[in-house]
Amino acid sequence: MEYFKICGGKKLSGQISVHGAKNSALPILASTLLIKGESVIHNCPDLSDVRVTLDILKSLGCKVKREKSTVLVDASVVDNNEISEHTMRTMRSSIIFLSALLSRQGSASIFYPGGCEIGTRPIDLHLKAFHDLGADVSVNGSSINACATSIIGTKIILPFPSVGTTENIIIASAISKGKTIIVNPAREPEISDLADFLNHCGAKIYGAGESTIVIDGVKRLDACEHTIIPDRILASTYMSLGAVCSKELTVKNIRQSHLSPVFPVFTEMGCKIYLSDNSLTLVSPKKLKRVRSIKTMPYPGFPTDSQSPVAVALALAKGTSILQETIFENRFRYVSELNRFGTDIEIKDNIAVINGVDKLHSANVNATDLRGGAALVVAALCANGESNIYGIEHIDRGYENLENALSSIGADIKRSKNEGETNAKASKKEIE
Ligand code: UD1
């Protein structure tokens, strides 16, 4: 079992670079299935979720190669339309393959992705959208089967701007008959990145990032090269780290506009943000200030994925901050582990009441999910003494080689292997 051994309390400084966005890479890689040729995807992060996606593509018949941060997917031959139950359980977002397989093969057979560590995550909106697009969708126990001779454009009004549902509709409708209109789609930058990729391949998708998306179905798509946008959630994780562990930290390879929902929170905490072309420098005050109220919302609101790393900064601010989670019901599971470092956070339903403390002490903790795990790493880097973070397979889903990136700005963090001790035991053993 791998874990991070972190010797915290060091001042971090310098420059740290943001890799490509996980949440763009996954739908873009899935949609390469629509193209009978070789797609070249640059700035593709080497994450465990991306590796699972590439394995799915291989299992469907694609030829896949990685050359540093560029991934080449040749989907000239696709000879399967099924994804195994094991894979669907490993990565919930493989639901995105439903549209890609339906488009390419005319049928798809996948397994119900089920709930996950941050919530139940139903797929009713996805299934209704496929039905509206003329697909025959049936759920049989845990298996989902969909087929359609062709996708027929229609108007779909989403009751909630679901990211995955918007992506599935875009991918399914790119090659289709007629016009698809999505009212109230998700507006996340990753949606625009997916639309940009497909448009480069010849799709006609208009309005991504706005309140209505219009897709004029085309007959075929051709291979292209595409560069994935920087990961805004990784950038906000580094900003949280900078706020608590550094006087001045430069975060490189960012898109300023994608981070505008998080900037006000950091300025309210008293940080100064200096922007230049593709980077930002965060200068932290001696003592962070509380933020009266933050509510996670669909983009362009404050992102649910940034909630947990930012909570660590608020936990070290002067005063009480209120953080409300409105997207996923279990997204505060990490808080009981975070409190082992000495933070004072109370959860009442979907609200975290964060009473700022002066300092943290080291602890041995378990990561319960991806972003909660990143929050524990930030806390361990602030805490004086040695901490162990277990369950880092969650963190590896979204942070590429995190220990190397953090070491480059002065962090003392190592990936270790522990054969003997169980996680449960370890999490009870606090160092001080
Ligand atoms: C994506 C992101 C995830 C991010 C989330 C919200 C990827 C791979 N993951 O997840 O990191 O936290 O957007 O920004 O891009 N819902 C339903 N029925 C459905 C679909 C969704 O009720 O059919 C609900 C979900 O349970 C959740 C909310 O809608 O409460 C948001 O889900 P959604 O926007 O679909 O998130 P994901 O695409 O799963």
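Guide: Two strands count as paired if DSSP finds at least two bridges between them; helices (H or I, at least four residues) and strands (E, at least two) are DSSP runs, numbered from the N terminus. By that rule strand β3 (residues 38-42) is joined to strand β5 (residues 70-74) by four bridges, and the two run antiparallel. Within this pair, Ile41 stands opposite Val71 in β5.

Visitor: What should I know about the source of the model before going on?

Guide: This is a predicted model, in which local features need pLDDT of at least 70 and side-chain atom pairs count only at pLDDT 80 or more, while totals for chains, interfaces and linings use all residues. Residues are numbered from 1 along each chain as its sequence is written, and side-chain values use heavy atoms, with hydrogens and water left out.

Visitor: What is the average pLDDT of the chain, and where is it below 50?

Guide: The pLDDT is the predictor's confidence in each residue, from 0 to 100. The chain averages 94, and 96% of the residues score at least 70. Over residues 422-432 the value is below 50, although this stretch has 24 contacts in the model beyond near neighbours in sequence, contact meaning heavy atoms within 4.5 Å.

Visitor: How many helices and strands does the chain have, and what is its radius of gyration?

Guide: The chain has 15 helices and 23 strands. The radius of gyration is taken over C-alpha atoms, and the globule rule is 2.2 Å times the number of residues to the power 0.38; for 432 residues a compact globule would have a value near 22 Å, and the chain, at 22 Å, agrees. Along its principal axes the C-alpha trace spans about 65 × 45 × 40 Å. Of the 432 residues, 57% count as buried, where buried means under 20% relative accessible area, exposed over 50% and partly exposed in between (1.4 Å probe, protein chains only).

Visitor: Which strand does β3 pair with in the parallel sense?

Guide: Strands of a sheet pair through backbone hydrogen bonds, either parallel or antiparallel. The parallel case here is β3 with strand β13 (residues 225-227), over three bridges, and in this pairing Val40 stands opposite Glu225 in β13.

Visitor: In what order do the four strands of the open sheet lie, and why is one side of β9 left without a neighbour?

Guide: The order is β9-β10-β12-β11, and the pairing is mixed. Because β9 (155-157) and β11 (204-206) stand at the edges with a single partner strand each, one side of each is left without a neighbour in the sheet. The twist averages 15° from one strand to the next, with axes taken as lines fitted to C-alpha atoms, for helices over the stretch in contact, and angles running from 0 to 180 degrees between N-to-C directions. Three bridges join β11 to strand β12 (residues 212-216) in an antiparallel pair, where Ile205 has Ile215 as its bridge partner.

Visitor: Which residues have a positive phi, and which peptide bond is cis?

Guide: Most residues other than glycine have a negative phi, and most peptide bonds are trans. Asn253, in the loop between β14 (246-252) and α9 (263-268), has a phi near 60°, and this residue is partly exposed at a relative accessible area of 28%. Asp349, in the loop between β19 (344-348) and β20 (351-355), has a phi of about 55°, and Asp349 is exposed at 76%. The cis bond runs from Tyr299 to Pro300, with omega near 10°, and Pro300 lies in the loop between β17 (293-295) and α10 (307-315).
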